[in-house]
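Reader: Please take a close look at one part of this model for me. I would like the strand pairing first, then the packing around it.

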Amino acid sequence: MTVTAPDLEAFLLATPFFGGLPQPSLDLLMSMLVERSFEAGSTVVAEGEPGRSLFIVKSGRLAVSKRTNAGSIIPISVLERGDFFGEMTLIEMQNRSATVVAEAPTVLYELTAQNLYACYKADIHAYVIVLQNINRELCRRLRRADDRFARRAAENDN
């Protein structure tokens, strides 16, 4: 179903993905979003599968994990309202890098690669802002991963 909620604009502007977009650009991107609902326990995306979209979390809670070569599942992070995921597959055009499972009833807004390309064609300024926002979030995630790695290395030294 296409998104038309009256509070959608305020919600989106408060997320890192849509920050800094002028009104016409925001309107364009809002028109491209599709709302998706998932029950608790549902797999939203699976590691290794092809990906063609990203998701913004409207409500709920999701667990992100990776599987080791030995088959163990390693928790990576938890996603909640305002977070987004799936952007890596749009940028690098590779399969999904992790599995995301709804831990509670969850509502997501989906933006497909096809719609992101349509945004590029229609409003290059909005496209650049969205990519900058994605890059900022990826940098924040990399910093957190660096910190976790450094803490674990320090613990192993002790």
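Author: Val45 has Val100 as its bridge partner in strand 7. Strand 2 (residues 43–45) and strand 7 (residues 99–102) run antiparallel, joined by 2 bridges. Strands count as paired if DSSP finds at least two bridges between them. Strand 7 also runs antiparallel to strand 4 (residues 62–67), with 4 bridges. There, Leu62 stands opposite Ala102. Helices (H or I, at least four residues) and strands (E, at least two) are DSSP runs, numbered from the N terminus.

A word on the source. This is a predicted model, where local features need pLDDT of at least 70, side-chain atom pairs count only at pLDDT 80 or more, and totals for chains, interfaces and linings use all residues. Residues are numbered from 1 along each chain as its sequence is written, and side-chain values use heavy atoms, without hydrogens and water.

Now the packing. A nonpolar core is a set of buried (under 20% relative accessible area, 1.4 Å probe, protein chains only) Ala, Val, Leu, Ile, Met, Phe, Trp, Tyr and Cys residues joined through side-chain atoms within 4.5 Å. The largest one has 23 residues, and Leu12, Phe17 and Leu111 are among those with the most contacts inside it. A second, separate core of 13 residues includes Val44, Phe55, Val64 and Ala102. Back to Leu111: its contacts (heavy atoms within 4.5 Å) include Phe17, Leu29, Ser53 and Leu90, not counting residues up to four places away in sequence.

Note on methods. Buried means under 20% relative accessible area, exposed over 50%, partly exposed in between (1.4 Å probe, protein chains only).
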